[in-house]
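Please look at the sequence and the model shown here, and then work through the questions that follow.

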Amino acid sequence: MGGTGRMVWRAAPVLPLLAVVVLLAVPPPDGGPGGTGGTVADAASGLLVVYTAARLLRDRARPLSRTAAVVLGLPVLGVCAAAVASYDPAASLPGVVRYLQVFVLVPAAVVLLLRDRRDFRLTAWALVGLALAQGAVGTVQNLTGTGASYMGEDVRAVGTFGATDVMGMATAVAYGLVAAVALALGSPGRRGRAVALGCAALLLFPLVVSFSRGAWIATVAACALLLVLSGPLRALRVALVAGAAGVVLVAGLGVGSQPVTERVASISQVTDAPDRSVTDRYTMWAAAVGMWRSEPLTGVGLKGFPAYRDARASLALSSGSDTAGAGRDFARQPLLSPHNMYLLILGEQGLLGLLALAGGWLALLVCGLRRLWAAPDGARPGPGSAGRRGAPVDCGLVAVGLLGWQLVDFAYADIGGPATVLTSLVLGLAGWWALEPGARIRAGDGARGVGRPRSAERGGVCPAPAGVEGGAVHG
């Protein structure tokens with residue numbers, strides 16, 4: 001068997017996971033004005049769960065540690081309570097399925113399928129590849145005026161996701177950029193760092209011309225976190241270089257200078273003549289808070305926001321957002337969510353649902369950071385540390401960076417649209433790094449497959465650091 005054949009054979013167990021990433025490049029079907037149609041990536045994520053369950057039954061292994069089962073299973077509590085207490089339980093059933101898919105089943109399948117750091121890196125590079133593909137399409141759309149409509153011009157980069165999901169390409173590109181930065185900071189090899197940095201540089205332009213303020217803010221925050229984790233001096237140097245590059249790109253070369261400047265200025269323009277999208281966003285936020293006040297414990301029920309929105313929103317709320325371009329005629333897209341995941345959960349699932357979901361995400365972040373900093377000095381982030389001795393920490397940086405991006409972005413966006421499957425994959429990557437015992441995720445344990453022996457389980461809130469066992473680093 002040749003080298004390529006061996007690589008394919010070794011990657012075979014995670015091919016269903018990679019297929020989900022690849023299929024996200026397939027343009028979604030026309031779901032109408034609401035954009036509610038399913039995608040092939042959604043179907044592939046369902047098959048991924050079935051495939052993982054079949055392997056678990058075949059191997060007869062305990063699937064998850066107790067800690068992982070509790071953290072990943074917490075959303076079930078809030079989702080089921082909200083569905084049972086809903087005014088229309090039947091209408092909430094699609095929401096139950098969607099929430100369990102995105103926040104429980106697919107993340108758990110990712111945790112179970114990833115066998116070691118090589119599988120993790122392969123998945124991370126797949127995210128970078130998807131981002132490059134979507135970014136290339138988005139760049140062409142911006143330069144040729146074939147994108148979605150923005151300020152009267154068809155210049156908004158939306159990739160293959162279309163005008164009804166303007167956040168789709170921005171999310172995919174931002175994930176790839178953050179993953180590339182993390183791989184560049186944590187990879188031991190000089191060639192790998194150079195390739196990752198090149199990919200990150202290529203993804204900057206399509207992210208800018210996506211005109212997604214939430215993605216911009218989340219990307220800056222996630223990259224700043226990664227730089228701080230890798231060392232303050234490095235963070236300062238990179239910040240200076242990035243600032244200079246931004247000045248040259250926008251001010252010097254005039255790349256999208258006027259629309260980008262206006263978009264950046266609108267981020268803080270919330271009281272003095274804000275644009276329509278800002279007004280709608282804050283009006284829907286207030287409506288979500290009003291729903292929570294009426295049902296503080298369990299909310300108004302899953303999928304209940306559209307039904308209760310108008311009764312609790314002020315007259316400042318418009319009837320919908322305009323969509324056009326990228327192959328679509330002009331249409332009004334209804335405002336079906338508050339564009340804030342935390343407030344959406346609070347309004348539809350109440351305090352119980354918010355504590356269950358956000359509490360699990362916070363646990364993933366804390367455990368991920370703990371593992372990252374508990375690594376031995378030679379493997380810990382810092383100038384010159386990667387590759388000096390011990391195991392590299394690129395996987396930890398990717399997991400923490402992507403999760404940090406998602407938690408910040410959730411303040412400006414929520415689930416919905418084809419890119420939602422990416423969110424579940426990111427939560428799975430974060431869960432693999434944060435929750436799985438060190439004996440499970442050593443690089444040499446790739447042959448173990450789905451599930452793990454009972455002796456591998458550890459106690460405690462956060463398991464031992466990845467690759468660290470008995471004070472030694474397993475490479």
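Q: Which residues does S424 touch, not counting residues up to four places away in sequence?
A: This is a predicted model, in which local features need pLDDT of at least 70, side-chain atom pairs count only at pLDDT 80 or more, and totals for chains, interfaces and linings use all residues. Residues are numbered from 1 along each chain as its sequence is written, and side-chain values use heavy atoms, with hydrogens and water left out. A contact means heavy atoms within 4.5 Å. With neighbours up to four places away in sequence left out, S424 touches Q101, V102, V106 and P107.

Q: Is S424 buried or exposed?
A: S424 is found in helix 16, where helices (H or I, at least four residues) and strands (E, at least two) are DSSP runs numbered from the N terminus. A residue is called buried under 20% relative accessible area, exposed over 50%, and partly exposed in between, using a 1.4 Å probe and protein chains only. The relative accessible area of S424 is 2%, so S424 is buried.

Q: How many helices and strands does the chain have?
A: Buried residues make up 52% of the 475 residues in the chain. Of the contacts with a separation of 6 or more, 78% come from residues 24 or more positions apart. As for its elements, the chain has 16 helices and 6 strands.

Q: What are the parts of the chain that the pair of Y87 and Y308 ties together?
A: Rings of Phe, Tyr and Trp (its six-membered ring) pair if their centres lie within 6.5 Å, and planes under 30 degrees apart count as stacked, over 60 as edge-to-face and the rest as tilted; the whole structure has 10 aromatic pairs. The ring centres of Y87 and Y308 are 5.9 Å apart and their planes stand at 40°, so this pair is tilted. Because Y87 lies in the loop between helix 4 (66-85) and helix 5 (89-113), the pair joins that loop, across 221 residues of sequence, to the element that holds Y308, helix 13 (residues 305-312).

Q: Are W361 and F410 buried or exposed?
A: The rings of W361 and F410 have centres 5.0 Å apart and planes at 35°, so they make a tilted pair. This pair links distant parts of the chain, with W361 in helix 14 (residues 341-374) and F410 in the loop between helix 15 (394-409) and helix 16 (420-435), 49 residues apart. Leaving out residues up to four places away in sequence, W361 touches F103, M341, Y342, I345, L403, L407, F410 and L427. Both W361 and F410 are buried.

Q: How many salt bridges does the structure hold?
A: A salt bridge is a side-chain nitrogen of Lys or Arg within 4 Å of a carboxyl oxygen of Asp or Glu. Among them is the one between R115 and D119, with 2.6 Å from N to O, and both of these residues are buried. Another joins R118 to D116, the closest N and O atoms being 3.5 Å apart. The structure holds 5 salt bridges.

Q: How many disulfides does the count come to?
A: A disulfide is a pair of cysteine sulfur atoms within 2.5 Å. Of the cysteines, C80 is partly exposed, with a relative accessible area of 34%, whereas C395 is buried, with 1%. By this rule the count of disulfides is 0.
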